[in-house]
Amino acid sequence: MIMEVLGHSSIRVTMDIYTFVRLDSQRSAFDRVGDALRDGDGPDDDNGAGGALVAV
């Protein structure tokens, strides 16, 4: 239905466009998680976590 409404010539065009957006969003989310895990998790920090990975 989306393909027809947007006037795409095939479902592949629609999937290429929206899969890319989705992957881009996923990459951004993974980058934010990676940044959060790196912040304050260095070997000199004394926060009691000991560098352990914690489920978010």
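A: His8 is buried, at a relative accessible area of 19%; buried means under 20%, exposed over 50% and partly exposed in between, with a 1.4 Å probe and protein chains only. This is a predicted model, in which local features need pLDDT of at least 70, side-chain atom pairs count only at pLDDT 80 or more, and totals for chains, interfaces and linings use all residues. Residues are numbered from 1 along each chain as its sequence is written, and side-chain values use heavy atoms, with hydrogens and water left out.

Q: Where is His8 placed?
A: His8 sits in the loop between helix H1 (2–6) and helix H2 (11–38). Helices are DSSP runs of H or I with at least four residues, numbered from the N terminus.

Q: Which residues does His8 touch?
A: Leaving aside residues up to four places away in sequence, His8 touches Met3, Val13, Thr14, Ile17 and Tyr18.
A: The partner is the side chain of Thr14, at 2.6 Å. A polar contact is a pair of N or O atoms within 3.5 Å; within protein, one must be able to donate a hydrogen and the other to accept it, and residues adjacent in sequence count only if both atoms are side-chain atoms.

Q: Which residues form the nonpolar patch on the surface?
A: Tyr18 belongs to it, together with Met1, Ile2, Val5, Leu6, Val13 and Ile17, and the accessible area of the patch is about 720 Å². Patches take residues with over 30% relative accessible area and no salt bridge, joining nonpolar side chains (Val, Leu, Ile, Met, Phe, Trp, Tyr) within 5 Å and like charges within 9 Å. Areas come from the Shrake-Rupley method with a 1.4 Å probe, and for residues only the protein chains shown count as cover. H1 and H2 each supply at least two residues of the patch.

Q: Changing topic: how many salt bridges are there?
A: The count is 2, where a salt bridge is a side-chain nitrogen of Lys or Arg within 4 Å of a carboxyl oxygen of Asp or Glu. Arg12 pairs with Asp16, with the closest N and O atoms 3.2 Å apart. Arg38 pairs with Asp35, where the corresponding separation is 2.5 Å.

Q: Is Arg12 buried or exposed?
A: Arg12 is exposed at 55% relative accessible area, while Asp16 is partly exposed at 40%.

Note on methods
Contact means heavy atoms within 4.5 Å.
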